Structure formats: C-alpha cells, structure tokens
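Colleague: Could you walk me through how to read the helix packing in this model? I would like the general idea and then the case at hand.

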Amino acid sequence: MIRSKIADMQNVLSDEEVALCQRVYDHVRSVRHVTTDDDCDELARRIIQSFQHGVKDEDALTRLVI
C-alpha cells in the first residue's frame with residue numbers, strides 16, 4: 001500500500017524511508033482496525049505527507065497519525 005501511494009505522489013524515498021513508513025502504516029492499521037480501501041488510502045497519504053513535511057522519527061510519526 002505505501003509503495004503504491006509513494007508512486008502516486010511521485011516522490012523518491014530511500015528503501016529505509018519506505019520501510020519506516022510501511023512499519024508505521026502496518027502498526028497504525030492494526031491498532032485502529034483500518035480495513036476499508038478508502039481508509040487505508042487516507043492513512044497511507046497522511047503518513048507519507050507527514051514524513052515529507054519533516055516528521056522522520058518513527059515514534060513521532062506513529063503518534064501523529066494514530
């Protein structure tokens with residue numbers, strides 16, 4: 001999910017950055033029980049946008065989107 005959203009937003013992230021965003025996505029999706037496609041898309045967008053705006057710490061990013 002995260003990789004497809006990154007491709008949609010035409011951004012270049014390193015493999016490590018993508019992995020960080022994916023971990024946050026997986027964790028938040030599990031905790032919040034996000035299941036619908038629309039909600040999954042929105043979560044992925046929020047994570048990527050927050051990361052691009054400087055929230056690079058995994059814990060801080062998780063807290064922001066949870």
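**Reading the helix packing**

Modeller: Helices here are DSSP runs of H or I with at least four residues, numbered from the N terminus. This is a predicted model, where local features need pLDDT of at least 70, side-chain atom pairs count only at pLDDT 80 or more, and totals for chains, interfaces and linings use all residues. Residues are numbered from 1 along each chain as its sequence is written, and side-chain values use heavy atoms, without hydrogens and water.

Colleague: At what angle do H3 and H4 pack?

Modeller: Two packed helices are described by the angle between their axes and the distance between the axes. For H3 and H4 the angle is about 135 degrees, and the axes lie 10 Å apart. The axes are lines fitted to C-alpha atoms over the stretch in contact, with angles from 0 to 180 degrees between N-to-C directions.

Colleague: Which residues of H3 and H4 meet?

Modeller: Leu43, Arg46, Ile47, Ser50 and Phe51 of H3 meet Leu61, Leu64 and Val65 of H4, with contact meaning heavy atoms within 4.5 Å.

Colleague: And what is leucine 61 in contact with, beyond four places in sequence?

Modeller: Leaving aside neighbours within four places, leucine 61 touches Leu20, Val24, Ile47, Ser50, Phe51 and Val55.

Colleague: Is histidine 33 buried or exposed?

Modeller: Histidine 33, in the loop between H2 and H3, counts as exposed because its relative accessibility is 65% (exposed is over 50%, buried under 20%, partly exposed in between, with a 1.4 Å probe and protein chains only).

Key: Helices (H or I, at least four residues) and strands (E, at least two) are DSSP runs, numbered from the N terminus.
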